[in-house]
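Open the model in your viewer and keep the selection panel at hand. Each stop below says what to select and what is there.

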Amino acid sequence: MVFIPPFVPETFITMYMPAIYAGLIVGFIATMAIAMKREEIHILILTDLVGLAMIFVVSAVGTDLAEALILPGLVVELAETLAISEILITREMRKIEQDPRANLTKSSSMFPQAFSLDMEIMTTAPNFIALVLIGYGIFLTGFTGGAVAGGGIVLHAISKKARGLPVLLLDGIAGVSGIAWCLWIIGFLLFFVAPQYWVLSLFLAACGLLLKVASKVGLIGLLMREDIDKE
Amino acid sequence: MRIGVLWNKLADPKNIPRLFAFSLGIILIIGFIVPMALNPDQIYVRPDPQEQIDEGLALAPYDRGGEPLKEAGFINPQYPENAASLGMITGYMSPLAEWISSISPYFGTSIYSSPGGLVDEILYYTRGFDTILESSILMMSFIIASWLSINYTMNRKNDADEIKKDMKKAVNDSVHVAREVKANDAKARSKQLRRDN
Amino acid sequence: MDFVTLGGNLLGTIPLGDIVLYVNPFNLFLFAVLLGFTALIAVSKPETQVEAAKFNTLDNAQVKVDEKEFRQRRFLSVICGIASAGAMITGDLFNFTLFMALVGILNIGIVSAVKQTSVLNSAFNYGLIAMMCSLPLFGGASIILASTGTLSLAVLSQMHASPMVVFGAILMLIGILGESGVAPFFASKAEMFRTPGSPFIVIIHLSSLFIIVRAVEILLLVLW
């Protein structure tokens, strides 16, 4: 049985050209679309397509390393979209604040619309499903687990229609994320300082990442709840 | 076009992303005339796509050998000498993961999702610094976004509702004015009619 | 080109698995300067800008940074300083691009809380460029990986550059140009400075300056 071959198998070498050309073509289409569009919100959405081209190009290499490198690329893209769309909303709100009468209708479509979720499923099942999701996420640990557990928190949050949310709670969640980050850094350093404790380091890193991602996805859910409650 | 006009266009922030996208697209097209080929001498090489599945391994595409806590798995990083317990994570599986892999032949497809295994070794150990930076990027953008939303965009004190209320008032006022104008109009017309008759 | 020809004798390495940070006099100097500047920022207070007010009033408006905004901005600036200092000594191509993305997002974050819409506008436009830069930066690095089979700068500097490596380096170069806001993509980044809070604003400028110096060194190592 061969676990790792000394050289890259023939399949990956023949697949490289089609894969990277597909990446280049997707990138070209996306960048040209951005160059031709005028609306800022469209450009913001189209930049995600550029990120897709990046994933093509990285994954074309087809080694285990390439697989590990996709994750940072994806996360960077996601994180930047989040921060930049928030800046776009801020800018539009500042504009309205300075001149309340000007272009209110034109730009206000960009804001999250308050909407009511009066579905039956929202009152019966959510607690159970949220619990299952969080439990499964804790079993998975790591990045995937964080996303699943965070999804559970989001579900719980959007299904509960309790009014108002103290900012203190949000601060608390941000704090959990900071602690998780420290856990992880300790785990990472321990790998090199004391290699014999690698199991401990592995679990520190995996649980740190779980807490971090879950708290962040949960934070999105809680912010969303603020909007839904607003009506 | 004079060069000055061109520079003036470049000074508008709104045009810059589109200009950047355009030049990036041109460079991507140049890629088609560059001879490209994958170098077969790579680090972290993986076996042929279907090879492990055909052999019926439980951790199908990610089985790199090793025995949990006893024997290291196989992995070929750039600097093996910098990682003292290299391959141990690759060979490791948590007891729960081991149990699942014993009853299901498809555990390999979700090997990402339990501590241990090949991808964790790369993400946490040999290239752990990359993942630290990546999660710092995530954390920073969350700090930026949540700070803005808590202190400004979702701050209820200077809410858009206020503006909306003002707008509604203004609309009501203008409707009121329009109605008055209309009434005056009708009055004047009837007066005119009466005078004409 | 070798480390020694470019930056002086190798003083030492910090091995963290595959990512080996290395220190030679040139990189050490850049690293120390950035850390010193970051320390200065951590203890300083922001300046207040006096702006000529509207036409119908006579008094000038003071544009101030309030307490909460000041604390957030200081935190982000210190992290930005540390991140750019880290980029000075990293010895891995992909690691460097990640440092660059981190500095980019922090630059946006530092000005994200201001009230001037023109500054927010340019920050948003710069953010769009920073997002697009993930394709040339990570894509360029992975094309170099595909061609040479390594990401370590120490190994890359010993290799001969093929046309494919040159293409990867060109992609990385345009990513660096966009991310650090050099001509002809300067406008969106230059406009971001026009806001009060001087020592924190200057780190935006300084970090992109230092990163571009370091990027030139890395491209020379890869290409020569």
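Predicted model: local features only at pLDDT ≥ 70, side-chain atom pairs only at ≥ 80, totals over all residues.

**Chain C, helix 6**

Step back into the helix itself. Select residues 134–148 of chain C; this is helix 6, with 15 residues. From its first C-alpha to its last, helix 6 reaches 21 Å, close to the 21 Å expected at 1.5 Å a residue. Now show the surroundings. Helix 6 of chain C is largely enclosed by the rest of the structure, because 15 of its 15 residues are buried.

**Chain C, helix 2**

Next, select residues 25–43 of chain C, which form helix 2. Pick out C:Ala32 within this helix. Is C:Ala32 buried or exposed? C:Ala32 counts as exposed, because it has 12 C-beta neighbours inside 10 Å, and the cut-off for exposed is 12 or fewer. C:Ala32 and C:Leu173 are 25 Å apart in space and 141 residues apart in sequence.

**From chain C to chain B**

Color chains B and C separately. Here, 43 residues of chain B are in contact with 45 residues of chain C. On the chain B side, select helix 2 (16–30), helix 6 (118–126) and helix 7 (128–153), each of which supplies at least two residues. Helix 7 of chain B gives the largest share of that side, 13 residues. Color by class next: the side of chain B that touches chain C has 26 nonpolar, 11 polar and six charged residues.

Chain B has eight helices and zero strands. Its pattern along the sequence reads α-α-α-α-α-α-α-α. Of the 197 residues in chain B, 41% are buried. Among contacts in chain B between residues at least 6 apart in sequence, 49% join residues at least 24 apart.

**From chain B to chain A**

Bring back chain A. Now 72 residues of chain A are in contact with 72 residues of chain B. Which elements of chain A give two or more residues to the side that touches chain B? Select helix 1 (10–36), helix 3 (64–98), helix 6 (126–140), helix 7 (142–159), helix 8 (167–193) and helix 9 (198–230) of chain A. Highlight helix 3 of chain A, the source of the largest share, 18 residues. Finish with the class coloring: the side of chain A that touches chain B divides into 53 nonpolar, 11 polar and eight charged residues.

Note on methods:
Residues numbered from 1 in each chain as written. Chains lettered and ligands numbered in written order. Contact = placed C-beta atoms within 7 Å. Helix = DSSP H or I, 4+ residues; strand = E, 2+ residues; numbered from the N terminus. Nonpolar A, V, L, I, M, F, W, Y, C, P; charged D, E, K, R; others polar. Buried ≥ 20, exposed ≤ 12 C-beta atoms within 10 Å, placed from the backbone. Expected span 1.5 Å × (residues − 1).
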